[in-house]
Amino acid sequence: MKITSKLVALAVSCVGIPATVLAHDADIIGPWELTIKVQNKTFSAISTCDKAHRVLEMDYAPPSIFGPSRAVEVGYGSWREENGHILLSYETALPHHMTRVVRGTATLTEPNVITGNVEVKILEEDGKVVYTDTASVTGTKASRNLAANR
């Protein structure tokens, strides 16, 4: 009886734990089509993680009457896998000698699907922080020709 009640307790406690897929380097390498939400704004991006643990991220302006979406900012950084999580860090040069610094953690919630949260800081040329916010990120692994199709 004690074993049965322990198994039931374990089963009930496991229901409340969100399912995550243990991340491995091979699962992370490649292009990701991302949706980034900051406050009430949504942006799209393509982030590519390579074998050397580098990140290349291109943020896109939404399609408009003037044509398809276009790359508006490009960021460079690194990623690493730690305890099933993906730790991301990259920087983007902005106009007026400013830099956007992004640091965050993401998790594979199912194969080829990623969710996470990042902290975003905008720095002046002297390193002074002029803006800080958090963003949620969701994404799906994409085919290699995704950037060419945008």
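Visitor: What kind of contact do the side chains of Glu119 and Lys121 make?
Guide: In this predicted model, the side chains of Glu119 and Lys121 form a salt bridge, with an N to O distance of 4.0 Å.

Visitor: Is Glu119 buried, exposed or partly exposed?
Guide: Partly exposed, because the relative accessibility of Glu119 is 35%. Lys121 is also partly exposed, with a relative accessible area of 29%.

Visitor: How many salt bridges does the count come to?
Guide: The count comes to 5 salt bridges. One of them joins the side chains of Arg100 and Glu73, at 2.8 Å from N to O.

Visitor: Which strands do Arg100 and Glu73 lie in?
Guide: Arg100 is in strand β6 and Glu73 is in strand β4, residues 70–82, so this pair ties together parts that lie 27 residues apart in sequence.

Visitor: And why does Arg100 count as buried?
Guide: Because its relative accessibility is 13%, and buried means under 20%. Glu73, at 22%, counts as partly exposed.

Visitor: Which side chain does Arg103 meet in a salt bridge?
Guide: Arg103 meets Glu91, with 3.9 Å from N to O. The pair links distant parts of the chain, with Arg103 in strand β6 and Glu91 in strand β5, 12 residues apart.

Visitor: Buried or partly exposed, for Arg103?
Guide: Arg103 is partly exposed, with a relative accessible area of 38%. Glu91 is partly exposed as well, at 40% relative accessibility.

Visitor: Staying with β6, where is Thr107 found?
Guide: Thr107 is in strand β6. Thr107 is buried, because its relative accessible area is 13% and the limit for buried is under 20%.

Visitor: What joins the side chains of Thr107 and His85?
Guide: A polar contact of 2.9 Å.

Visitor: Now the strand pairing. How many bridges join β6 to β7?
Guide: There are 11 bridges between β6 and β7, and the two strands run antiparallel. Val101, for instance, has Lys121 in β7 as its bridge partner. That is the Lys121 of the salt bridge with Glu119.

Visitor: What about the turn in that hairpin?
Guide: The hairpin of β6 and β7 has 2 residues between the strands, and Asn112 takes a positive phi near 65 degrees.

Visitor: And how many bridges join β7 to β8?
Guide: Again 11, and β7 and β8 run antiparallel. Val118 has Ala135 in β8 as its bridge partner.

Visitor: How many residues lie between β7 and β8 in their hairpin?
Guide: 5 residues lie between β7 and β8, and Gly127 in the turn has a positive phi of about 95 degrees.

Visitor: Change of topic, the core. Which residues touch the most other members of the largest nonpolar core?
Guide: Leu34, Ile36, Trp79, Ile86 and Ile114 do, out of 20 residues in that core. The elements that give two or more residues to this core are β1 (30–38), β2 (41–49), β5 (85–94), β6 (98–110), β7 (113–123) and β8 (129–141).

Visitor: Which element gives the largest share?
Guide: β1 does, with 4 residues.

Visitor: What does Trp79 touch?
Guide: Leaving out residues up to four places away in sequence, Trp79 touches a list that includes Ile28, Ile29, Val55, Ile86, Leu87 and Leu88. Cys49, Asp25, Asp50, His53 and Arg54 are also among the residues that Trp79 touches.

Key
Residues are numbered from 1 along each chain as its sequence is written. This is a predicted model: local features need pLDDT of at least 70, side-chain atom pairs count only at pLDDT 80 or more; totals for chains, interfaces and linings use all residues. Side-chain values use heavy atoms; hydrogens and water are left out. A nonpolar core is a set of buried Ala, Val, Leu, Ile, Met, Phe, Trp, Tyr and Cys residues joined through side-chain atoms within 4.5 Å. Buried means under 20% relative accessible area, exposed over 50%, partly exposed in between (1.4 Å probe, protein chains only). Contact means heavy atoms within 4.5 Å. A polar contact is a pair of N or O atoms within 3.5 Å; within protein, one must be able to donate a hydrogen and the other to accept it, and residues adjacent in sequence count only if both atoms are side-chain atoms. Two strands pair if DSSP finds at least two bridges between them.
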